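Visitor: I would like to go through this model step by step. Please show it first.

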Amino acid sequence: MVKVGVIGVQGAVSEHIEAVKKAMEKLGVSGSIFWLKKPEQLKEIDAIIIPGGESTTISKLMIKNGLFDAVKKLGEEGVPIMGTCAGLIMLSKEVIGATQEQKFLGLLEIKVNRNAYGRQVESFEAVLKLAFSPEPFIGVFIRAPKIVELLSDKVKPIAWLGDRVVGVEQKNLIGLEFHPELTEDTRLHEYFLKKAL
């Protein structure tokens, strides 16, 4: 039984829950997937997803709900964590364009530009290349952050838009600029789940 929590303080939670359910079916894995709102829900958790949304709000609410330090500790201990869009910002070590009150988990050794693509109207879809699968993947970018620098050789690119890195992994961590949960393609969720098996 794999226990996966999607941090449900703000953002695209239900879409991730559906994507994980489909990925579990494809992998033939039984488990539970739930909205993660309180630190007591972290007991015996196998994997965590930090969804897209608004990184300032997610940061404030994770601190207020007592999730911030607990999730950071689990990430340091090797629990798989995937951050998409705002979740990528939350995982990052360095953030360009951050406000002073924002706190980040600082687990992923990368530098990101918080609002690199501009406003909502700058959202787009694009064909991406994945490191672990030959078939192209459709990436949905919504006011996405940009990975501008990999700060350590522990960080490995796993997704590209042309020759630009848009997805990375660092041991138990995965960070994506885009929203894999907004497509029918569950390959990235399957790849992430395998870290928890």
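Visitor: How many helices and strands does the chain have?
Guide: The model is a predicted one. In it, the chain has 5 helices and 12 strands.

Visitor: What radius of gyration does the chain have, and what would a compact globule have?
Guide: The C-alpha trace spans about 40 × 40 × 35 Å along its principal axes. For 197 residues, a compact globule would have a radius of gyration near 16 Å, and the value for the chain agrees with this. That value is 15 Å.

Visitor: What share of the 197 residues in the chain is buried?
Guide: Buried here means under 20% relative accessible area. By that cut-off, the buried share of the 197 residues is 52%.

Visitor: Which residues of helix H2 are buried, and why do they line one face?
Guide: Helix H2 covers residues 55-64. Down the axis of H2, the buried residues fall within an arc of 165°, so they line one face of the helix. They are Ser 55, Thr 56, Ile 58, Ser 59 and Met 62.

Visitor: What covers the buried residues of H2?
Guide: The cover includes both strands and helices. Among the strands are E1 (2-7) and E3 (47-50). The helices include H3 (68-76) and H4 (86-91).

Visitor: Which residue follows H2 with a positive phi, and which side chain reaches a backbone nitrogen at the start of H2?
Guide: At the start of H2, the backbone nitrogen of Thr 56 has a side-chain oxygen within 3.2 Å, and that oxygen belongs to Glu 54. After H2 comes a residue with phi near 80°, Gly 66.

Note on methods: Residues are numbered from 1 along each chain as its sequence is written. This is a predicted model: local features need pLDDT of at least 70, side-chain atom pairs count only at pLDDT 80 or more; totals for chains, interfaces and linings use all residues. Side-chain values use heavy atoms; hydrogens and water are left out. Buried means under 20% relative accessible area, exposed over 50%, partly exposed in between (1.4 Å probe, protein chains only). Helices (H or I, at least four residues) and strands (E, at least two) are DSSP runs, numbered from the N terminus. The arc is that of the directions from the helix axis to the C-beta atoms. Contact means heavy atoms within 4.5 Å. A polar contact is a pair of N or O atoms within 3.5 Å; within protein, one must be able to donate a hydrogen and the other to accept it, and residues adjacent in sequence count only if both atoms are side-chain atoms. The radius of gyration is taken over C-alpha atoms; the globule rule is 2.2 Å times the number of residues to the power 0.38.
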